[in-house]
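Dear colleague,

Here is the structure I promised to pass on to you. Please look it over first, and then read the notes below, which set out what was found in it.

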Amino acid sequence: MQIHVVAEGETVDTIAQAYGIPAEILILDNQLVYPYKLAVGQALYIPGPGAQQEQAGRILAQVSGYAYPYISPWVLGQTLPFLTELPIFSYGFTENGALVPPQAAEDWMIEMCRLQSVVPFLTLTPLDGQGQFNNALITAVVWDTAAGERLILGLIETMQEKGYGGVDIDFEYIRREDRDAFTGFIRQAAQAIHEAGLKLSIALAPKTSADQPGLLYEGKDYPALGALADSVLLMTYEWGYKYGPNMAVAPINKVEQVVRYAVTEIPAEKIRLGIPNYGYDWPLPYVPNVTVANTIGNVEAVQIAIVHYARIQYDETAQSPWFRYWQDGVEHEVWFEDMRSLAAKFRLVEEYGLQGMGYWQIMRWWRANWLALEDTFMIQKE
């Protein structure tokens, strides 16, 4: 993979000519929109010579990407060749441990996975009827033995019936007093899941130390959970988030702090780095408890910059692109991911010897990302 950062006066034709590639390839790979304008500071994916064929130097990687059942079949079909696992979001459960299926049927996704040699994972979350993480549901099933057993049995029966290869447990905001009970529940679940010949993945809040305070962190015992799971996903995103201040979603300096701690508690070959397939557009000035950012795709972010003649900047500390623009008398600030920020995250996977990466989420097609990943890693399908 090569990366070209657009300079003043450059066009698709001049850039394509400089690299000796057809303009049509540059347009296709970067999802450029007619009439193919570019933003100054835009990072373009440039395929290297023979990049798709050359295997030498690439390391093996497991790649997962969350998807809802309402994903476009076309987007899913385009993305599955680059994945090893597809966590389908999501099943829920009641306080007595009854499994709650997703609002839309997911069977068609499981069949597409089978055809593409991708392992489908049932994602389990404690989401309530309003779509919010409800830690009271966690408390109920980890302390009530009957409820916990009912939930585990329901998981295994559903996975076997539908053809899932494993379960991804994404429990967030676990209370500190529920930490050991949650670990006990996972221990019981892991034994039953493995006896059934299925796999267990656990999503972990991005901790930087064992005793890190905060509702996101105190309920997760990294070493204990890492020992029980076949893989873990570090949710290394959302530093910049919908209701928070304008900043990078996944600043590399913060992400590396999490990885550096995680590998001291969990074998690196079990760890996947979380990568965001989205960005945020904040109206300014940011006002706590008032400002709400708009979630956007990474391809969409560049188009916003082009439409508003904004220059894309690059924060060297966060290793993240950003820009500002005005609309209807309101200034906006946008942070997103591009080829440069992706390359920084890929380097972490290589440097720390991680198992691979997991994307939240794959609902938006981002061709350049997947091509860059394939240029860098050898995707290890079963």
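Tyr 325 is buried, with a relative accessible area of 5%, where buried means under 20%, exposed over 50% and partly exposed in between, for a 1.4 Å probe and protein chains only. Please bear in mind that this is a predicted model, in which local features need pLDDT of at least 70 and side-chain atom pairs count only at pLDDT 80 or more, while totals for chains, interfaces and linings use all residues. Residues are numbered from 1 along each chain as its sequence is written, and side-chain values use heavy atoms, with hydrogens and water left out.

Among the residues that Tyr 325 touches, leaving aside those up to four places away in sequence, are Asp 281, Ile 304, His 308 and Val 334, a contact being heavy atoms within 4.5 Å. With Asp 281 there is also a polar contact between the two side chains, at 2.5 Å; the term stands for a pair of N or O atoms within 3.5 Å, one able to donate a hydrogen and the other to accept it, and residues adjacent in sequence count only if both atoms are side-chain atoms. The C-alpha atoms of Tyr 325 and Ala 310 are 6.0 Å apart, although 15 residues separate the two along the chain.

Tyr 325 is found in strand 14, strands being DSSP runs of E with at least two residues, numbered from the N terminus. Strand 13 is joined to strand 14 by 3 bridges, and Tyr 314 stands opposite Pro 321 in strand 14.

Best regards

Definitions and conventions. Two strands pair if DSSP finds at least two bridges between them. Helices (H or I, at least four residues) and strands (E, at least two) are DSSP runs, numbered from the N terminus.
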